[in-house]
Amino acid sequence: MTVAVLAVQGDFAEHESVLRSLGAEVFEIRQKSDLSRHFDGLVLPGGESTVQGKLLRELDLFDALKEKIETGLPVFGTCAGLILLADRLSNDDNVYFAALPATVRRNAYGRQLGSFYAEEEFKGIGKIPMTFIRAPFIESVGEGTEVLAVVDGNIVAARKGNVLGIAFHPEVDENKAVHKYFLDMIG
């Protein structure tokens, strides 16, 4: 199984390390020619969603990746990746891939000082560590979108079909269950 990790900005290396430890073949998407390689799944890492969105367009990656996601490529977005996947942002006019029927609030917990750690239930996995860094959360989900985790009354993980979006950073914790969940989604 081969997983591509968007590597234009953000914490892509941490995702790569976890995926490799779980037996996946991993490569980075940095430029358009990287899209010619075969991949079974895509990770959109945390970082700065505005910068990532701008670079996706400047590097001519956006349309091809959007088409792959729309035609069923499994995709996993964390933090900024969740923002890129959402079909609506409540506090930003930008919309990117619009692949996850959900309304997301950017920087919902505040800036860097609002970062925190929790241990909560993730549907289908159990109780896991969750590290939130300048994190968004999901205010509401659309029809057919399954809520997978809630922290302090806020939705922090959701899935619809081939699209998994989470507000926290599982790549920084030792628990690999969320990445395993994604690999299971790929099949």
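**A loop and its surroundings**

Guide: The place of A98 is in the loop between β5 and β6; helices (H or I, at least four residues) and strands (E, at least two) are DSSP runs, numbered from the N terminus. The model is a predicted one, in which local features need pLDDT of at least 70 and side-chain atom pairs count only at pLDDT 80 or more, while totals for chains, interfaces and linings use all residues. Residues are numbered from 1 along each chain as its sequence is written, and side-chain values use heavy atoms, with hydrogens and water left out.

The backbone of A98 has a phi near 50°, a positive value in a residue other than glycine. A98 is partly exposed, with a relative accessible area of 35%; buried means under 20% relative accessible area, exposed over 50%, and partly exposed in between (1.4 Å probe, protein chains only). A further positive phi, near 45°, belongs to N107, which lies in the loop between β6 and β7 (116–122).

Aromatic rings come next. A search of the whole structure finds nine aromatic pairs; rings of Phe, Tyr and Trp (its six-membered ring) pair if their centres lie within 6.5 Å, and planes under 30 degrees apart count as stacked, over 60 as edge-to-face and the rest as tilted. One of these pairs, F62 with F97, is stacked, at 4.8 Å centre to centre and with 5° between the planes. The pair links distant parts of the chain, since F62 belongs to helix α3 and F97 to the loop between β5 (86–89) and β6 (100–105), 35 residues apart. F97 counts as buried, at 1% relative accessibility, and F62 is also buried, with a relative accessible area of 6%. F116 is partly exposed, at a relative accessible area of 24%. Y109 and F116 belong to one aromatic cluster with F132, F137 and F168.

A charge is taken to sit over a ring if NZ of Lys or CZ of Arg is within 6 Å of the ring centre and within 35 degrees of the ring normal. R37 is placed in this way over the ring of F27, with its charged end 4.0 Å from the centre.

From here the account turns to helix α2. Within α2 (residues 49–58), the residues S49, Q52, G53 and L56 are buried. They line one face of the helix, because the buried residues fall within an arc of 100° when α2 is seen down its axis; the arc is that of the directions from the helix axis to the C-beta atoms. K54 and E58, on the other side of α2, are exposed. The buried residues pack against β1 (2–6), α3 (62–70) and α4 (80–85), where contact means heavy atoms within 4.5 Å. At the start of α2, a side-chain oxygen of E48 comes to within 3.2 Å of the backbone nitrogen of T50. After the helix comes D60, with a positive phi near 60°.

T145 lies between β9 (137–141) and β10 (146–151) and is buried, with a relative accessible area of 10%. A polar atom of its side chain lies 3.1 Å from the backbone oxygen of P101; a polar contact is a pair of N or O atoms within 3.5 Å, and within protein one must be able to donate a hydrogen and the other to accept it, while residues adjacent in sequence count only if both atoms are side-chain atoms. Leaving aside residues up to four places away in sequence, T145 touches L100, P101, A158, R159 and K160.

Among the buried residues are V178, Y181 and F182. F122 touches V178 and Y181, among others, while F182 is one of the residues touched by V43. V43 lies in strand β3 (residues 41–44) and counts as buried, at 0% relative accessibility. G187 follows α5 and has a positive phi, near 100°.
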